[in-house]
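Welcome, and please open the structure in your viewer. We will walk through it one selection at a time.

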Amino acid sequence: MSAESGLKTFRDSGGLWEGHDPMDIATPEAFARNPDLVYRFYNARRSQLSEVAPNAAHLALARLQREFEGDVFLVTQNVDDLHEQAGSAQVCHMHGELNSMLCRRCSECMPATGDFDAASGCPCCGQPGGLRPDIVWFGEIPYHMDEIAMRLDGCDLFIAVGTSGVVYPAAGFVQQALASGAVTVEVNKQLSEVTGFFHQQRQGPATEQVSLLVDELLAG
C-alpha cells in the first residue's frame, strides 16, 4: 500500500529496510544491543512521514469505508499513518505505529510528536530511559489479535492488498476467512506465497487495482 507513496518496505532490496537488516532494528534483542541505532532509525522513519502523501489506493479504501453500505474493517501491517491521512476513520494497526511510543516503565502508549531516545522522559510517569518505539518487532505478539479474529470469523469478503504471504500471523488470515465462508481476493503486483487460498487474484499496482475494485464494490 505505502510503497507507491515512496515508503520503503521490509521486502525491498532483498529484505533490507532503508539499508538496514530488519534483525538489526526490528527485534527486542536489537534494541537491547544497540538502542541508539534503533532510536535513530525510527526517528528518521517518523520524520519521513511529513514528506509523503496517501496514494490512490489509500484514498479508495477511505472512500469504501465512507460509502459502502456494509461494515468495512481495515487492518494494516504498515506502521505509517497514510490511511488516516487519506481519511479512513477506522484503522487497526496490528504492528504498531510510528507516531506512537511506549513506556516500558508505566506501560502507557502515547503520541510521539518528535524525536526521542534513551534520555527522554516519559510524559506520563516522568521517568527517563523507558521509552521505545510502539512497534511490534519480530518475536512479539501483534496488537488487536482477538478483534481481528472476531472480524475474520464474521466476514463475507476478505481482501488482502500487497502482502507477501510470508509473515505470520497475517499470512494466515485468508485461511481463517475462508473457513468462515468468505470470498477472498488478493491484490498484488505478484502472486503471494498464499495465493492458492484466494478465489480471485488481481495483479497490478495497488493504486490501480484497489481503485478499480472499490469502484466495482460501490457499484454493486
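## First stop: a tyrosine and its core

Select Tyr 42: beyond the residues within four places of it in sequence, Tyr 42 is in contact with Trp 17, Ile 25, Ala 26, Leu 98, Pro 133, Ile 135 and Trp 137. Keep in mind that you are looking at a predicted model.

Now show the largest nonpolar core, which has 24 residues. Tyr 42 is among the four members that touch the most others, together with Ile 25, Leu 131 and Trp 137. To see where core residues come from, colour α3 (35–48), β3 (96–103) and β5 (131–135), each of which supplies at least two. Which of the elements gives the largest share? That is α3, with five residues. In soluble globular proteins, nonpolar side chains tend to be buried together.

Before moving on, highlight Phe 158, Val 174, Ala 182 and Val 194. They are included in a second, separate core of 14 residues.

## Second stop: strand β3 and its partners

Go back to β3 and show its surroundings. This strand is mostly covered, with six of its eight residues buried. On to its pairings: β3 and β5 run antiparallel and are joined by four bridges. For one of these bridges, select Cys 103, whose partner in β5 is Leu 131.

Follow the chain from β3 to β4 and you trace a hairpin with five residues between the strands.

Is Ser 107 buried or exposed? Ser 107 is exposed, with a relative accessible area of 58%.

Now select β6, β7 and β8. These three strands make an open sheet in the order β6-β7-β8, with parallel pairing. Because β6 (157–161) and β8 (200–203) stand at the edges with a single partner strand each, one side of each has no neighbour in the sheet. Neighbouring strands here are turned by 15 degrees against each other on average, ignoring direction.

Zoom in on β7 (residues 183–188) and β8, which pair in the parallel sense over four bridges. Pick Val 187 and look for its bridge partner in β8: the partner is Arg 202.

Two packed helices are described by the angle between their axes and the distance between the axes. For α4 and α8, the axes come within 8 Å and cross at roughly 15 degrees. The two helices are therefore roughly parallel to each other, and the crossing is left-handed.

Turn on side chains to look at the contact. From α4, the residues that take part include Ala 57, Leu 61 and Leu 64; from α8, they include Val 210, Val 214 and Leu 218.

Select Gln 77, in the loop between β1 (75–76) and α5 (82–86). Gln 77 counts as partly exposed, at 28% relative accessibility. Leaving out residues up to four places away in sequence, its contacts are Met 94, His 95, Thr 163, Val 167 and Ala 170. Of these, take Met 94: it lies 17 residues from Gln 77 along the chain, yet their C-alpha atoms are separated by 5.8 Å.

Now jump to Pro 169, in the loop between β6 and α7 (173–179). Look at the bond joining Tyr 168 to Pro 169, which is a cis peptide bond with omega at about 15 degrees.

Finish at His 144, in the loop between β5 and α6 (145–153). Here too phi is positive in a residue other than glycine, with a value near 60 degrees. His 144 counts as partly exposed, at 41% relative accessibility.

Conventions: Residues are numbered from 1 along each chain as its sequence is written. This is a predicted model: local features need pLDDT of at least 70, side-chain atom pairs count only at pLDDT 80 or more; totals for chains, interfaces and linings use all residues. Side-chain values use heavy atoms; hydrogens and water are left out. Two strands pair if DSSP finds at least two bridges between them. Axes are lines fitted to C-alpha atoms, for helices over the stretch in contact, and angles run from 0 to 180 degrees between N-to-C directions. Buried means under 20% relative accessible area, exposed over 50%, partly exposed in between (1.4 Å probe, protein chains only). Contact means heavy atoms within 4.5 Å. A nonpolar core is a set of buried Ala, Val, Leu, Ile, Met, Phe, Trp, Tyr and Cys residues joined through side-chain atoms within 4.5 Å. Angles under 35 degrees count as roughly parallel, over 145 as roughly antiparallel, 65 to 115 as roughly perpendicular and the rest as oblique. A crossing is left-handed if the near helix is turned anticlockwise from the far one by less than a right angle, and right-handed if clockwise.
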